Amino acid sequence: MLKKAMDYKDTLNLPKTDFKMKASLPQKEPDTLRFWNESDIYSRIKSSRANKPKYVLHDGPPYANGHIHIGHALNKTLKDIVVKYKTMQGCYCEYVPGWDCHGLPVEHELFKKLNKKKTDIPQIEFRKKAYDYAMGFVDAQKQEFKRIGIFGEWENPYLTTDKTYEASIIRSFGRLVEKGYIYQGRKPVNWCYRCETALAEAEVEYDNYTSPSVYVKFKLNKGQLAGHLAGCGVKEDSYILIWTTTPWTLIANVAVAVHSEREYVVINTVDGNIILAHDLLDQVCEKTALKKGKIVLSLKGKALENLSYEHPFGLRQGKIVLADYVSMEEGTGCVHTAPGHGQDDHITGQIYGLETIMPVDERGLFTEQAGEFKGENVHKSNTAIIDKLRGLTLLLHSEPINHSYPHCWRCKNPIIFRATEQWFMSIDHDNLRKAILGKIKQVNWVPAQGQDRIMSMLDTRPDWCLSRQRYWGVPIPVFMCKSCKRWIADHKLIDHFASIVDEKGTDAWFELDAKALLPHDYKCACGASDFKKGEDIVDVWFESGVSHQGVLKQREGLSYPCDLYLEGSDQHRGWFQSSLITSMAIDNVSAFKSVLTHGFVVDGMGRKMSKSLGNVVSPQEIIKDYGADILRLWVAFSDYNDDIRISDQIIARLVEAYRKIRNTARFMLGNIYDFDLDRDRVKYDDMREIDKWAISRVHRLLRDIIGFYESFQFHKVYHSLYTFCIVDMSNFYMDIVKDILYTFKSTSLERRSCQSALYIILDIIAKVIAPVLVFTSEEIWQAMPKRKDMPESVHLSFFDKCESLKIDDALEERFARLKKVRDAVLKVLEAKRVSGIIGSSLEARVVLYAESDEEYSFLKENESGLAALFIVSQAGIERGVFPDEAVEDENVPSIRICAYKAIGEKCGRCWNFSDTTGKYKEYPGICKRCHNTLVSMKGDNF
Ligand SMILES: [Zn+2]
Ligand SMILES: [Zn+2]
Ligand SMILES: [Zn+2]
């Protein structure tokens, strides 16, 4: 029977697969989620690793106060990549997601939504609403995180509002009380008068702010400088010159600090003598109306100690004190001191026994103590205060300055320092600070700069102000004896309350009276038994900070200390510190062995995302338009050490990269449709060289990628995988082996060898991308021909062990050399194509001229494979004189290349040119190789 050329198509093994070129991730991913859910994959992952070593990544809880944004998606995806990788390396990884449900972030959003203030609604009523509000967002975020393909204990997360968790917060506070870390003190703290609460260090942001900078002179009392000025020939009328950018704090001034060892001068002017630091004299003269008058006296700061002056508004007597922190950088070297309004001032106040004047209430308004300024907002009062100073001729100069100033993280308004009665945790009690600094060095910080960052923060941080004057949180469980007015913080009472919380939650504190919260018959040391409850709640950072007590210590599947904390780099100031301080104080351990930090998401131009700039990218949009795998690919692709950019262009580029990776997998799936690994696998030793080379390459890739995952360099995972797919596979291997896959007999050793390699490569690709492309890897896995003991999901599978990898350096080196030759040949062929001499490369015949014996024998050894390597019909090697048209290539200097039209006719089946084409009656128009194939296929499938 005669066959037309067209019909040979049926004799080829053309690719077949249901794995689509078009990903359609937004439509397909939900099906995969359903499959995982119905097959209970997460539980099965856990049970399959039940007795394996644990790897515990402890989740830093996001606030339950809104939908997830791109920063959450980044953070949770990074965590999921780590967890899935460790799982595939055989570890037992229970990931317990958490939510921070209490605190100002929730309270602030809810008050905004209710359009109410703290005073408008009773606390217990507000707390019920806040609970519902937080739970609503816990549910919403849970669904959003699950949609990204994140595995974890979604049905059993940790919430800071759980009764057991609340009880563990109370108990942790009790342990700190028991160990002597907790004290009550009147101290200046960061205070937001909009939010009416104290703020922790982590809750303060620095931003530019314009303040009035003023130079003010304070009149010394009579006789103070008399001894020094005797014989100087000037009147005794003297003033000390101060400088401040917070004129409103002058109301509370009680002292002026000078540096004991620095030189101070007394300048004689028409308006009396002025005292200031010598180092700052030029600067002050330049800025102010102070003319460089005659220096009548020069003396060390310590000579000024204890001189007294009158408060500019006559409110009290002040005195000159000494302090080390007085700087000669700016100002006058004479520092206005108000212990109620500054940390340094407070310390100096304690040394000198100065009074802490606090004329400002919680709303930032002056009280009775401020006299005529009563009822005015502190910041707004600046103008009036400056006017008054001017009227008293005590103002030397005033000008606005723009400087970095603390602001509230929630309401973004400038904050103040305000002394109040607060509960503190001492950082120096029992040498805690020293112990923490020592422990920090034992933690693995990724990137390494994190260590210095947190070290310097801890080195200088003040005691931790734990109390907040807010509604929504865990109460500070202290009582005041109504009779002796003493505050009682007693760990036995606290533990007693914790057992009430176990059952009833912390609402009990606000619902029950003090008697019901105290042990039966409890009496104060003074004998009285009538108590008042404390009204403060605990800093929300304390709540999440003790999650090691409430979660890591409690759950069987976890460990304490755990392996990894992974959060944004701002948590050096926040959660890493609050966790470390408490775990060290309570248990003398660091809660974590390693800490990984990442940067923040910015737009394509590196700008912070904001509604007003209109550059906010939401994870929900990316998922809807492209799929969660694209979002995850962006996470892996980005180098998280810096700020991480996102834009439409970046996403478009990643979509393109994704398509290439996907098409590589599709080619492989298409060519193993008839391959049964258990039945058809060719033993490694029997494989063809190029297939061995491909195995070597993919094993090297796997080894590299395991190293990158281990060191958390996910962007290198992405780049090495992408390069492998493009350079090694798509542009080389897949190109070359097409001929064998399509035209050789389906069961031939050559084709089976190649299919064995493809199966192994695809298996490895599916696994190495699984932590990142969670959906696509599963899709590939499901499309692969099944084999014995193949897990039902890629996420149940394990990475191959590094010991079993076949990496052949010599073979790769040889191929690298051949690849160079190939690249040079392809350039020559391209030139021929452009000039119209050939069409496809199969129309060409290549002749190489070797210039050295070594080169000649190398190519000669590989001669039989060269035509396939170049994808031409014929290729040969010559030694000796080369023709004029031979092309030189700088990358292969000892070779000359000639390309000609191929010899013979085009085979109608394999499209190779051969002088054997058309010699066979039974199968006209085909070459010898195809003829032999068809003869051998007779009786099989043809
Ligand atoms: Zn605020
Ligand atoms: Zn008492
Ligand atoms: Zn042929």
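The donors of the zinc ion (ligand 1) are spaced C-x2-C-x212-C-x2-C along the chain.

1. Basis of the note. This is a predicted model, in which local features need pLDDT of at least 70 and side-chain atom pairs count only at pLDDT 80 or more, while totals for chains, interfaces and linings use all residues. Residues are numbered from 1 along each chain as its sequence is written, chains are lettered from A and ligands numbered from 1 in the order in which they are written, and side-chain values use heavy atoms, with hydrogens and water left out.

2. The protein donors are the SG atoms of Cys192, Cys195, Cys408 and Cys411, at 2.2 to 2.4 Å from the zinc ion (ligand 1). Donors are N, O and S atoms within 2.8 Å of the metal (3.2 Å for Na, K and Ca); water is not among the atoms, so sites may look incomplete. The arrangement is tetrahedral because the four donor atoms subtend angles of 102 to 114°; for four donors, the term requires all angles to lie between 85 and 135 degrees.

3. Buried means under 20% relative accessible area (1.4 Å probe, protein chains only).

4. Strand β25. Six of the seven residues of β25 (residues 592–598) are buried, so this strand is largely enclosed by the rest of the structure. Strands (E, at least two residues) and helices (H or I, at least four) are DSSP runs, numbered from the N terminus. Strand β17 (residues 444–446) runs parallel to β25, joined by three bridges, with Val446 opposite Leu596. Strands pair if DSSP finds at least two bridges between them.

5. Crossover. Strand β24 (residues 562–568) is likewise parallel to β25, through six bridges, and Tyr565 stands opposite Val595. From β24 the chain passes through helix α18 (residues 575–587) to β25 in a right-handed β-α-β crossover, that is, clockwise from the first strand over the helix to the second with the strands pointing away from the viewer.

6. Ala73. This residue belongs to helix α3 (residues 70–88) and is buried, at 0% relative accessibility. Leaving aside neighbours within four places in sequence, Ala73 contacts Ile148, Pro619 and Leu631, where contact means heavy atoms within 4.5 Å. The C-alpha atoms of Ala73 and Pro619 are 6.6 Å apart, although 546 residues separate the two along the chain.

Methods:
Tetrahedral: all angles 85-135°; square planar, octahedral: opposite > 155°, others 65-115°. Buried < 20%, exposed > 50% of the residue type's maximum accessible area, 1.4 Å probe, protein only.
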